[in-house]
Amino acid sequence: MSVNVNKPTDTVQKEADISRKLQLYGIAKAFQNGKVPSNDQIDIALSSFLQSKALSDPPETLSDDGKILVKDTQEVVKQAKSLLLSKNEGNLIQDFVWETTKFDPQSVNTPNAPVSKDVAKKDGDDALQGLRTLGTLLITNGQFRKLLQDCTILLRDMAGDAATSAASRVRPSEEQLNQMDHAAEDNTWHEKPDFSKANLKQQARGMYPGKVKKDVQDTAGAGLDAAQNNDGSQFDPNAGVNAAITTAQDKIDSQVGEKEKKNILQVNEDFRRRAREYYDKKMPQERKDQTIFRLKKMILECQQHEDYSQAIQTLLRLAETYGKHGRTYGQGSADTTKQARSGFAAAEADLRTLIERFANGTSTSDLWESIGQIYKDADKDRELRQWFKNMDSYIRRCLLEQGYILDDASTQEWNHLYEQGRYLLREKYRGHTDRVIDETKFLADQFDKDAQNQAFAQSLNKLFKDLGTDADGKVVFKPHLIKDLTEIIIPSVLTNIAYIPIPRIEYSDSQFDAIIENLVLESDNFTPNVLEISSENYFRWGRKRIANKSHQTFEVKVAGIQMDLRDVSFHVKRKKGFPSITDTGVMDIILPGDGFSFKMKVASAHKKDSQNFFKVEKVIVDFKGLNLKVKKSSHKLLYALAKPIALRVMRKPIQKAVEKAIKDQCNKLDSQLFRVKQEVDRATDEAKSSPENAPNIYNRYMTALKNEFGKKKEQAQAAVADKKANIAFVKEDSIFPDIHLPGGISSKASEYKDLACKGDKWESPVFSVGSASKSTDIPPAPKIQRKAHPVTTENDSIPRNGTTVGTNGFHNSGKKVVNGAQSNGHQLSNGPISLPGVAV
């Protein structure tokens, strides 16, 4: 039977769409259980998304810029898929998540493990709560927001300087502009440029004195040799590129003389000097001191909050506990790492490999060795070890002891620790700390040089550039994109949401039990066909004896909320009164045409009104076409006789009851907001007598809202203590688990919940979404290599193979230090690097 709705129910499409929605529920449950999708499942899902109509065949009515943005989004998804599947070859991210979230300390014979599984879970919850508390304090603190705003202004100022500098270099001088309209001097001739082959060769030889052809061949040969495996089975382009870059760099270094190197170092030093001078100009000492004082004041204000101390103590305790565990684990892990990829050993290896792959296949062994050397120094040097302990005590005191951070004693102790640390780290152990910095910079540079990282970043940059800039790169507002969003994209999304299954609704009190299931809303019908918003503003300015006056009115009209709900299952049981009835059946609920509509007019409250902020002047509700068709029931004849009379008699009372309920709820909200304002005003008056203990305005409103609505929630719970209302997603959540309704959505949801728990470790079949085939163009993961790069040594010079090495990272012969040797394997040793004549 056809009905007058936007989209009549299609039973076949409805069942398929409900299954897809319930699978999303199963996926959410799988994530809650620690399950994650595999690379193959991610690949098929993203490929299916790329083949969807929204990306592969966007509407022709989109604007040109809208179509470009669709292509940009498609490219971003492609690059993200390629980056993730390549770097995550072997499902390393999934293994890392599983091992860290489901780690059982009893499964690994870890020496001196300080925590059990239950304690570790509780510590994780405590750490999350502590971070949440500190984050809330920061984002609501006025000092933090002002500092963030000032940093933004400073960055904008620096960006303006950069733009001005670039413009001044491009812009011609006034003298050049004045000469534009002048002719050249009479009979003036210049020498003809020499474009001969010999001259061009000579100029190129002056720029690079080496043998260009031979060096290019050597570089290409080194790249091909590194890219091709010994057995010739697989070709690794990343290894070839890295080897070619290293060979080319060595060739260039061998041809650069001492004078050119000194010039390069001088240019770098001049650049650093100008950068320091510019920074000092933008951040003079007075501004630095003021920023430090404001940071201290921000900490002091947070310390006055009752939750701050507990959060800080929890985080410091956990950091100390697991820091000791990490050091103990590192010292005693020689045996545990021999076990079969279990516990934290597997997680550590996965995380390290992921970092190295994203860093252009660069091994992190050198970085960990440089950090490990600092620990060795602290173990051997009592002064350095004590300095670390003093820094720990100072940080704890500043964070926990209220007011200490603003005392002069705090500044004096910091100055002492700073000078001592500068001596230890920048003088006594300068070579070791510089090496940590060099290794970190080198690793960060490799992240930037990774070709896949660059491709993904470029696709994102193009998307945001096309979103808010014109062809000349200027920021511009594009109103046609707003039109695309409101007139094409949002309506299309609402239409394609299609069928939305509603969980099983249950109600029980002393007189009635009721259950409704298989309630499925269709988005195209449930979305209003008409939404009208109008407002009126009146303002009067008076003088002498005429008072100022203002009044605002806001009106909302919604119409066309339709329903075509088929095969809705129900169960009713009247436990007391007459007639005592129990029934289970199936019915259709139809609301065609204008459907459900309402109009509400809200105005600002006058002084004579009982309301305080706003009042509801008018509410009109209508649902004339509502029709119920009982398809299956134990009392079908009774329903058939009573339905016409009941609908006609009850329609008006229901409309009036809904209108009254809306008005009452709005008046109650107005009263609650007024009580919140009174509480904030009271806190403000109290703060005037004790300003140092005054919370900021955001905390005042948050506390008042929490108290007011928390009180109302408790009152509402007490009022319905004898009543039960329940939303059951699965049968296990039901308060009537023994009542089975035909075609129950909760039963299907239970199947997907069970499916979410299946699978080994982190795997689950519920993540299998989409119908596309697996990709065949994903590049292999890069091989991990220890790459040649400059390092800072402990002394001014250390002999290596009879050649001295300066602190600038170059051999005296002109070559860079090769820090580590290349490895074709996947894992690398954590031990010291052995080079001829020296061990680093």
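**Close-up views of a predicted protein model**

**View 1. Glu732, Asp733, Glu751 and Asp754 form a negative surface patch.** Patch members have over 30% relative accessible area and no salt bridge, with like charges joined within 9 Å; a salt bridge is a side-chain nitrogen of Lys or Arg within 4 Å of a carboxyl oxygen of Asp or Glu. Asp and Glu count as negative, and the place of the charge is taken as CG of Asp or CD of Glu. The model is predicted: local features need pLDDT of at least 70, side-chain atom pairs count only at pLDDT 80 or more, and totals for chains, interfaces and linings use all residues. Residues are numbered from 1 along each chain as its sequence is written, and side-chain values use heavy atoms, with hydrogens and water left out.

**View 2. Glutamate 751 is part of helix H26, residues 745-757.** Its relative accessible area is 55%, so glutamate 751 is exposed (buried, under 20%; exposed, over 50%; partly exposed, in between; 1.4 Å probe, protein chains only). Helices are DSSP runs of H or I with at least four residues, and strands are runs of E with at least two, numbered from the N terminus.

**View 3. Leucine 131 is located in helix H6, residues 117-139.** Leucine 131 counts as exposed because its relative accessibility is 53%.

View 4. Of its 840 residues, 32% count as buried.

Key. Patches are made of residues with over 30% relative accessible area and no salt bridge: like charges are joined within 9 Å, nonpolar side chains (Val, Leu, Ile, Met, Phe, Trp, Tyr) within 5 Å. Accessible areas come from the Shrake-Rupley method with a 1.4 Å probe; for residues, only the protein chains shown count as cover.
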